[in-house]
Amino acid sequence: MRRYGKHTDEDDIRVRPSRRGSRPRTHTRPKHEDAAEGFVLTVDRGRLTCLVEGRTVIAVKARELGRKGVVVGDRVALVGDLSGARDTLARIVRVEERVSVLRRTADDNDPYERVIVANADQLAVVTALADPEPRPRLIDRCLVAAFDAGLEPLLVLTKSDLAPAQPLLETYAPLGVPYAVTSREDPADGPGAEELRARLRGRITVFVGHSGVGKTTLVNSLVPARQRATGQVNAVTGRGRHTTTSALALPLPPAGAPDAPPADADGWVIDTPGVRSFGLNHIQLSRVIHAFPDLEEGATECPRGCSHNEPGCALDQWVADGHADPARLRSLRRLLATRERREGD
């Protein structure tokens with residue numbers, strides 16, 4: 001490193017002004033009390049599309065947020081140009097406290113969490129009844145993530161015109177998970193479509209499922225004003241192709257008003273890219289039992305650190321005494337064992 005003495009002959013050296021000639025540095029940051037409230041709709045390469053007072057505004061993260069991530073569903077505070085005009089940018093200066101966070105890891109050995117969405121209150125697990133075949137282990141993993149995040153699960157079965165829904169519904173009946181069944185030909189108006197809409201009204205629902213199950217097709221039918229690209233299932237591998245590349249929050253229009261503005265939304269649906277795995281390395285499986293209130297009380301008698309699937313588990317006696325349905329205990333243990341199984345098993 002080059003050092004300069006007290007007397008130099010270079011005339012291009014930058015000399016910092018003294019404190020008397022410039023404002024001293026401070027760590028105090030502005031509070032931005034006049035910042036506008038916004039809702040993050042999508043994130044794309046550092047640009048965040050937000051809904052601010054009914055307008056769509058493009059924004060970037062302010063430097064003071066540091067490494068703090070901003071995801072779809074976040075409630076944020078914005079300053080700067082909030083007009084929403086072309087080639088304008090606002091700044092996100094604050095991320096409000098999240099009420100829920102849905103996370104996943106790439107696999108069960110991955111230590112890094114990936115936040116899918118914030119502030120949702122319902123998780124719609126979308127699976128096709130055929131083409132491609134259902135993957136119950138992936139459904140189980142999504143349910144575990146929903147229970148851990150405090151989201152209410154909803155099972156959405158598509159393509160009912162290709163295969164019956166009853167066998168799969170019987171598998172999840174002991175869990176008491178609500179469901180809706182839609183057809184491939186007419187997902188918006190077929191059997192179960194009105195039931196699905198009723199369960200989405202007034203909620204922020206994130207749609208999750210593996211590629212090719214018809215998730216984006218279903219979202220397009222629910223929000224006809226915003227059409228996202230869809231793809232076909234590969235005839236050789238039986239797998240879908242990723243056509244949705246980023247999560248996007250869309251306003252659910254009121255009945256009979258498909259072109260209603262976002263301010264009149266009857267709820268929000270969040271379409272997410274298809275997944276081929278759903279790692280649970282970040283999940284504390286001990287919290288999953290909170291979704292089973294009929295079993296949770298019996299678990300208080302379990303040995304410390306009980307996995308609820310070992311000799312001496314108090315839940316066996318709890319069920320034997322008639323306090324809960326044995327099928328419920330089998331379902332709990334199946335969910336708790338998901339980390340030891342691959343999704344395709």
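A salt bridge here is a side-chain nitrogen of Lys or Arg within 4 Å of a carboxyl oxygen of Asp or Glu. This is a predicted model, and with that rule it holds 17 salt bridges. The general idea is simple: side chains of opposite charge can pair when their charged atoms come close.

**Stop 1: a bridge in the strand 6 region**

Select Arg 103 and Glu 113. Their side chains form a salt bridge, with 2.8 Å from N to O. Arg 103 sits in strand 6 (residues 101-104), while Glu 113 is in the loop between strand 6 and strand 7 (114-118), so this pair ties together parts that are 10 residues apart in sequence.

**Stop 2: a bridge between two helices**

Now pick Arg 334 and Asp 140. They form a salt bridge whose closest N and O atoms are 3.1 Å apart. Color helix 7 (residues 326-336) to find Arg 334 and helix 1 (residues 136-149) to find Asp 140; the pair links distant parts of the chain, 194 residues apart. Are these two buried or exposed? The cut-off for buried is under 20% relative accessible area. Arg 334 has 16% relative accessibility, so it is buried. Asp 140 has a relative accessible area of 0%, so it is buried as well.

**Stop 3**

Next, select Asp 271 and Lys 215. Here the side chains meet in a salt bridge at 3.2 Å, N to O. Asp 271 belongs to strand 13 (residues 268-271) and Lys 215 to helix 4 (residues 215-222), and the two are 56 residues apart in the chain. Both Asp 271 and Lys 215 are buried.

**Stop 4: strands 1, 2 and 3**

Which strands pair with strand 2? Strand 1 (residues 36-44) pairs with strand 2 in the antiparallel sense over 5 bridges. Strand 3 (residues 55-61) also runs antiparallel to strand 2, joined to it by 5 bridges.

Click on Leu 48 to follow the pairing. Leu 48 in strand 2 is the bridge partner of Val 43, and Leu 48 has Ala 59 as its bridge partner in strand 3.

Then look at the turns. The hairpin of strand 1 and strand 2 has 2 residues between the strands, and Arg 45 there takes a positive phi near 50°. In the hairpin of strand 2 and strand 3, with 2 residues between the strands, Glu 53 takes a positive phi near 50°.

**Stop 5: a cavity**

The largest cavity has a volume of about 40 Å³. Color the lining by class and you get 5 nonpolar, 3 polar and 1 charged residues.

Notes. Residues numbered from 1 in each chain as written. Predicted model: local features only at pLDDT ≥ 70, side-chain atom pairs only at ≥ 80, totals over all residues. Heavy atoms only, no water. Helix = DSSP H or I, 4+ residues; strand = E, 2+ residues; numbered from the N terminus. Buried < 20%, exposed > 50% of the residue type's maximum accessible area, 1.4 Å probe, protein only. Pairing = 2+ DSSP bridges. 1 Å grid on protein atoms, 1.4 Å probe; cavity = no way out; pocket = protein on both sides within 12 Å on 5 of 7 lines; lining within 4 Å. Points joined across faces, edges and corners; volume = space filled by probe spheres on them. Nonpolar A, V, L, I, M, F, W, Y, C, P; charged D, E, K, R; others polar.
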